[in-house]
Amino acid sequence: MLGLRRWLCCILGLVSFGSGLTFAASDRAAGLNHYFNREFGLAVAAFERHVANEQDSPDAHLLLTKALLYQELDRLGFVGTRAFRGDRKYRSAEKPKPDARINRRILGALEQGRQSCERALAESADDREALHSLAQFYLMQAAHEYFVAKAYFKALASGQKARELSYRIGELYPDFPDGLLAAGFQEYIVGKLPLALRVMIAMRGYRGNKKKGIELVERVAREGVENRAEARILLAVIYRWERPPEEAAQAFARLAEDFPRAYMFPLEAADLYESAREKARALELFREISRNQESGENRFDRMSERMVGALGRRIEALERALSDKRQRKGK
């Protein structure tokens with residue numbers, strides 16, 4: 001399961017699944033704004049108010065569940081960046097353990113959300129919002145089972161349910177490409193695994209097709225409405241693995257423009273620019289992130305001390321590399 005854990009860590013570090021940026025209610029709007037900018041605590045508070053006003057809405061329960069889950073995954077260190085993967089001090093820092101009280105709260109939100117979907121589906125078996133929300137609830141359940149409960153095969157089973165529901169939505173509502181995002185995610189994750197692991201889990205009925213997964217995500221990013229933002233984030237992560245680093249860097253840079261308080265996106269862009277041998281460009285972006293952190297612009301001052309230290313070391317290493325390069329050219 002180590003291969004599956006690696007891919008999920010990389011993707012869940014940046015991707016959040018849910019409704020897109022078309023909304024009207026103020027609490028929902030505020031919650032989504034905080035959520036996409038990775039301000040999970042503020043998102044939780046806004047979505048709690050939204051649920052209080054929309055207790056029968058599967059979508060409202062989904063948003064709160066996601067914010068609670070990602071807030072905990074963030075605290076546990078699973079929602080991060082690959083920009084400091086080579087920094088031993090950063091990687092060796094002690095990570096917190098799961099909190100039983102928070103765990104009960106997440107599980108309670110998951111159960112309430114599923115019940116809201118089931119009530120809606122009892123009235124109409126083809127209710128689009130309920131089916132779409134239920135597929136994503138299964139994805140959230142899979143993430144909880146994998147990262148918190150360490151129940152790996154249960155996570156695969158939950159992901160499979162999300163995929164099946166997603167394809168059902170695609171059949172029922174062919175003009176609703178957003179509904180295929182869960183299937184695209186699951187196809188890519190499983191299809192990306194090493195061959196030996198894919199063979200092992202295939203014997204239990206879990207299969208994936210990486211190419212098909214990318215095509216589905218690209219379609220949602222191109223044609224979707226509710227989940228277009230999520231698809232763009234997922235594509236940026238996929239491009240990190242599947243495209244030249246400069247192309248992936250540009251995708252993250254565009255996300256940083258759209259979600260200016262989500263400092264993970266410019267960190268990823270800078271890291272990828274360095275991988276693309278654009279060290280000066282990477283250094284400029286890392287320095288900009290550092291300046292924002294020091295000034296508090298875009299609330300970058302909420303970065304952890306561990307991350308701030310790693311950022312400083314990354315800047316120093318790039319400065320030395322560029323200085324050495326200039327000296328060699330001068331000889």
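These questions and answers look at a helix, a pocket and an arginine in a predicted model.

Q: How do you know that the span of helix 4 agrees with its number of residues?
A: Count the residues. Helix 4 covers residues 58-75, which is 18 residues. At 1.5 Å a residue, helix 4 should span 26 Å. Its end C-alpha atoms are 26 Å apart, so the two values agree.

Q: Which residue with a positive phi follows helix 4?
A: Gly77 does, with phi near 95 degrees.

Q: Why is Arg314 called buried?
A: The cut-off is under 20% relative accessible area. Arg314 has 15%, so Arg314 counts as buried. Its place is in helix 16, residues 305-330.

Q: What makes the pair Arg314 and Glu274 a polar contact?
A: The N or O atoms must lie within 3.5 Å. The side chains of Arg314 and Glu274 make their polar contact at 2.5 Å. Arg314 also touches Ala83, Phe84, Asp271 and Phe286.

Q: Which helix gives the largest share of the lining of the second largest pocket?
A: Helix 15 does, with 4 residues. Helix 13 (245-258), helix 14 (264-275) and helix 15 (279-295) each supply at least two. The pocket holds about 230 Å³ of space. Among its 14 lining residues, Ala256, Glu257, Pro266, Leu285 and Glu288 are the closest to its centre.

Q: How do the lining residues of the second largest pocket divide?
A: There are 9 nonpolar, 2 polar and 3 charged residues.

How values were computed
Residues numbered from 1 in each chain as written. Predicted model: local features only at pLDDT ≥ 70, side-chain atom pairs only at ≥ 80, totals over all residues. Heavy atoms only, no water. Expected span 1.5 Å × (residues − 1). 1 Å grid on protein atoms, 1.4 Å probe; cavity = no way out; pocket = protein on both sides within 12 Å on 5 of 7 lines; lining within 4 Å. Points joined across faces, edges and corners; volume = space filled by probe spheres on them. Nonpolar A, V, L, I, M, F, W, Y, C, P; charged D, E, K, R; others polar. Buried < 20%, exposed > 50% of the residue type's maximum accessible area, 1.4 Å probe, protein only. Polar contact = N/O pair within 3.5 Å; in protein donor to acceptor, adjacent residues only side chain to side chain. Contact = heavy atoms within 4.5 Å. Lists of a residue's contacts leave out its neighbours within four places in sequence.
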